[in-house]
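Subject: Handover of a structure, with notes

Dear colleague,

I am passing a structure on to you with this message, and I would be grateful if you could look it over before reading the notes that follow it.

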Amino acid sequence: LMLSKDGGATWSNIGVGQFDSMPVNHILFDPDNPSIVTLTAGDAPPPSGSTLPFGGGLWRSTDGGSTWTQVKGTFTYSKKSYPLNARFCNVVCSIKSGTGKRRYYAVAAVPALKDDPVILMASDDQGVTWKQLTGLTAKANTTVDIDRKSTRLNSSHSSVSRMPSSA
């Protein structure tokens with residue numbers, strides 16, 4: 001993961017030791033505070049003793065990408081809880097709601113679980129905490145994005161679903 005703070009004249013390798021062995025799939029700079037950066041990471045080597053493939057999960061920076069912290073949490077599938085270290089493939093941000101808040105959405109594929117579920121997470125606090133959204137049915141390799149003129153989530157493999165821009 002490379003970062004430039006001078007318009008691309010020079011670059012620094014950041015996230016050494018954190019992102020060395022996993023792909024960074026998507027980077028979101030908060031539109032209201034560019035020091036807050038959220039990224040999604042794909043497959044990583046599994047931790048010792050793990051029975052599931054390990055995904056890179058969600059990562060957050062509050063200093064423009066100089067340092068990173070992996071977001072902790074869980075998601076539920078088939079009434080069982082799993083750590084929030086799935087193969088996250090996308091993170092997007094909604095337009096401001098009527099109250100002036102934005103909602104982040106992140107999409108994770110979990111192909112190791114039955115039916116290749118896609119997990120949709122949402123954050124109403126700039127990526128500090130995440131909650132799982134239910135009601136979307138999709139398979140791995142689903143692309144989800146937000147219609148920038150509304151708060152609709154669009155998916156290339158499932159029906160369009162209405163989600164509020166903030167809770």
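Accessible areas here come from the Shrake-Rupley method with a 1.4 Å probe, and for residues only the protein chains shown count as cover. On that basis the protein exposes about 8800 Å², of which carbon and sulfur atoms supply 52%.

Please bear in mind that this is a predicted model, in which local features need pLDDT of at least 70 and side-chain atom pairs count only at pLDDT 80 or more, while totals for chains, interfaces and linings use all residues. Residues are numbered from 1 along each chain as its sequence is written, and side-chain values use heavy atoms, with hydrogens and water left out.

Overall make-up

The protein has zero helices and 15 strands, where helices (H or I, at least four residues) and strands (E, at least two) are DSSP runs numbered from the N terminus. Buried residues make up 46% of the 167 residues; buried means under 20% relative accessible area, exposed means over 50%, and partly exposed lies in between (1.4 Å probe, protein chains only). Taking a contact to mean heavy atoms within 4.5 Å, residues 24 or more positions apart account for 43% of the contacts with a separation of 6 or more.

The sheet from β9 to β12

Four strands form an open sheet in the order β9-β10-β11-β12, with antiparallel pairing; two strands pair if DSSP finds at least two bridges between them. Because β9 and β12 stand at the edges, each with a single partner strand, one side of each is left without a neighbour in the sheet. Neighbouring strands of this sheet are turned by 30° against each other on average, direction ignored, the axes being lines fitted to C-alpha atoms (for helices over the stretch in contact) and angles running from 0 to 180 degrees between N-to-C directions.

Going through the sheet by pairs, six bridges join β9 to β10, and C93 stands opposite Y104 in β10. Six bridges also join β10 to β11, where A108 stands opposite I119 in β11. Between β11 and β12 there are three bridges, again in the antiparallel sense, and M121 stands opposite Q132 in β12.

How much of β11 is covered? Six of its six residues are buried: V118, L120 and A122 point one way from the strand, I119, M121 and S123 point the other way, and all are buried.

The aromatic pair

The structure holds one aromatic pair. Rings of Phe, Tyr and Trp (its six-membered ring) pair if their centres lie within 6.5 Å, and planes under 30 degrees apart count as stacked, over 60 as edge-to-face and the rest as tilted. The rings of Y104 and W130 have their centres 6.4 Å apart and their planes at 50°, so the pair is tilted. Since Y104 lies in β10 (residues 104–109) and W130 in the loop between β11 (118–123) and β12 (131–133), the pair ties together parts that are 26 residues apart in sequence. Y104 is buried at a relative accessible area of 1%, and W130 is buried as well, at 13%.

Salt bridges

A search of the whole structure finds four salt bridges, each being a side-chain nitrogen of Lys or Arg within 4 Å of a carboxyl oxygen of Asp or Glu. D32, K96 and R102 are linked in a network of such bridges. In the bridge of D32 with K96, the closest N and O atoms are 3.6 Å apart; D32 lies in the loop between β3 (24–29) and β4 (37–44) and K96 in the loop between β9 (87–93) and β10, so the pair ties together parts that are 64 residues apart in sequence. D32 also meets R102 in a salt bridge, at 2.8 Å from N to O, and because R102 lies in the loop between β9 and β10, that pair ties together parts 70 residues apart in sequence. D32 is partly exposed at 42% relative accessibility, as is K96 at 44%.

K131 forms a salt bridge with D124, with the closest N and O atoms 4.0 Å apart. K131 counts as partly exposed at 38%, and D124 likewise at 28%.

A residue in β4

T40 has its place in β4 and counts as buried, at 0% relative accessibility. Leaving aside its neighbours within four places in sequence, T40 is in contact with residues including P23, H26, L58, F88 and V91.

With best wishes
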